[in-house]
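Me: I would like to go through this model with you, one topic at a time. Could you begin with the sheet?

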Amino acid sequence: MTIDPINNLYATDGACHNAEPNTYGHECGKRAWFLGKSRGGFWSGYCSDCKANGAEARQCTEWREHPSRAFG
Ligand SMILES: [Zn+2]
(Lines give C-alpha, C1' and ligand atoms only; values in the text may rest on other atoms or scores of the structure.)
Protein backbone atom coordinates (compact mmCIF):
# COMPACT_ATOMS: atom_id res chain seq x y z
CA MET A 1 0.00 0.00 0.00
CA THR A 2 1.27 3.43 -0.90
CA ILE A 3 0.87 6.26 1.57
CA ASP A 4 0.40 9.67 0.02
CA PRO A 5 2.60 11.98 2.10
CA ILE A 6 0.43 14.95 1.30
CA ASN A 7 -2.40 13.30 3.18
CA ASN A 8 -0.28 11.94 6.01
CA LEU A 9 -0.65 14.45 8.84
CA TYR A 10 2.23 13.03 10.80
CA ALA A 11 4.52 13.48 7.83
CA THR A 12 3.35 16.95 6.93
CA ASP A 13 2.94 18.68 10.30
CA GLY A 14 6.01 20.80 9.56
CA ALA A 15 8.38 19.40 12.19
CA CYS A 16 11.45 17.22 11.86
CA HIS A 17 10.77 13.74 13.20
CA ASN A 18 14.30 12.42 13.27
CA ALA A 19 15.15 10.72 16.58
CA GLU A 20 18.65 9.61 17.46
CA PRO A 21 19.50 6.38 19.29
CA ASN A 22 19.65 6.71 23.08
CA THR A 23 17.45 9.79 23.15
CA TYR A 24 14.36 7.84 24.21
CA GLY A 25 12.60 8.82 21.01
CA HIS A 26 13.13 12.55 21.46
CA GLU A 27 12.48 14.10 18.07
CA CYS A 28 14.49 16.93 16.56
CA GLY A 29 11.49 19.23 16.14
CA LYS A 30 13.10 21.79 13.86
CA ARG A 31 11.29 22.93 10.78
CA ALA A 32 11.14 20.10 8.26
CA TRP A 33 12.20 20.98 4.75
CA PHE A 34 12.14 17.47 3.30
CA LEU A 35 10.06 14.34 3.31
CA GLY A 36 11.71 10.95 3.27
CA LYS A 37 10.28 7.46 3.19
CA SER A 38 11.55 5.04 5.80
CA ARG A 39 12.42 1.43 5.12
CA GLY A 40 9.10 0.58 6.72
CA GLY A 41 7.31 2.70 4.12
CA PHE A 42 6.32 5.58 6.39
CA TRP A 43 6.77 9.16 5.24
CA SER A 44 8.12 11.66 7.72
CA GLY A 45 9.45 15.20 7.73
CA TYR A 46 13.10 16.02 8.32
CA CYS A 47 15.17 19.18 8.58
CA SER A 48 18.21 19.62 6.36
CA ASP A 49 20.64 18.75 9.19
CA CYS A 50 18.92 15.47 9.94
CA LYS A 51 18.50 14.65 6.26
CA ALA A 52 22.31 14.71 6.08
CA ASN A 53 23.22 13.31 9.47
CA GLY A 54 20.16 11.90 11.23
CA ALA A 55 20.16 8.28 12.25
CA GLU A 56 16.61 7.74 11.06
CA ALA A 57 16.76 10.08 8.09
CA ARG A 58 19.84 8.35 6.69
CA GLN A 59 17.72 5.25 6.18
CA CYS A 60 15.07 7.07 4.21
CA THR A 61 14.62 7.08 0.46
CA GLU A 62 12.54 8.91 -2.11
CA TRP A 63 13.33 12.37 -0.77
CA ARG A 64 11.10 15.20 -1.84
CA GLU A 65 10.37 18.76 -0.82
CA HIS A 66 8.21 19.18 2.24
CA PRO A 67 4.75 20.38 1.21
CA SER A 68 3.89 21.96 4.55
CA ARG A 69 3.90 25.70 5.10
CA ALA A 70 2.71 25.25 8.67
CA PHE A 71 5.74 26.96 10.21
CA GLY A 72 5.54 29.90 7.84
ZN1 LIG B 1 16.01 17.51 12.38
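Reply: The model is a predicted one. Its three strands form an open sheet in the order β2-β1-β3, and the pairing is antiparallel.

Me: Which strands stand at the edges?

Reply: β2 and β3 do; each has a single partner strand, so one side of each is left without a neighbour in the sheet. From one strand to the next, the twist averages 30°.

Me: How many bridges join β1 to β2?

Reply: Four bridges link β1, residues 34–37, with β2, residues 43–46, and the two run antiparallel. Within this pairing, Gly36 is opposite Ser44 of β2.

Me: What about the hairpin of β1 and β2, and how many residues lie between the strands?

Reply: Five residues lie between the two strands. One of the residues in that hairpin, Gly41, adopts a positive phi near 90°.

Me: And how many bridges join β1 to β3?

Reply: Three bridges connect β1 with β3, which spans residues 61–65, again in an antiparallel arrangement. Leu35 has Arg64 in β3 as its bridge partner, while Lys37 is partnered by Thr61 of β3.

Me: Is β3 buried or in the open?

Reply: The number of buried residues among the five of β3 is zero, so this strand lies largely in the open.

Me: Where is Tyr24, and what is its phi?

Reply: Tyr24 is located in the segment before β1. Its phi is positive, near 55°, in a residue other than glycine. Tyr24 has 7 C-beta neighbours inside 10 Å, and therefore counts as exposed.

Me: Let us change topic. Which residues make up the largest nonpolar core?

Reply: There are nine: Ala15, Cys16, Cys28, Ala32, Tyr46, Cys47, Cys50, Ala57 and Cys60.

Me: Take Cys16 from that list; what does Cys16 touch?

Reply: Leaving aside residues up to four places away in sequence, Cys16 touches Glu27, Cys28, Gly29, Lys30, Ala32, Gly45, Tyr46, Cys47 and Cys50.

Me: Now the chain as a whole. In what order do the elements run from the N terminus on?

Reply: The order is β-β-α-β, with one helix and three strands in the protein chain.

Me: What percentage of the residues count as buried?

Reply: Of the 72 residues in the protein chain, 32% count as buried.

Me: And what share of the contacts join residues at least 24 apart?

Reply: The figure is 53%, taken among contacts in the protein chain between residues at least 6 apart in sequence.

Notes:
Residues are numbered from 1 along each chain as its sequence is written. This is a predicted model: local features need pLDDT of at least 70, side-chain atom pairs count only at pLDDT 80 or more; totals for chains, interfaces and linings use all residues. A residue is buried if 20 or more other C-beta atoms lie within 10 Å of its own, exposed if 12 or fewer, and partly exposed in between; C-beta atoms are placed from the backbone. Two residues are in contact if their C-beta atoms, placed from the backbone, lie within 7 Å. Two strands pair if DSSP finds at least two bridges between them. Axes are lines fitted to C-alpha atoms, for helices over the stretch in contact, and angles run from 0 to 180 degrees between N-to-C directions. A nonpolar core is a set of buried Ala, Val, Leu, Ile, Met, Phe, Trp, Tyr and Cys residues joined through C-beta atoms within 7 Å.
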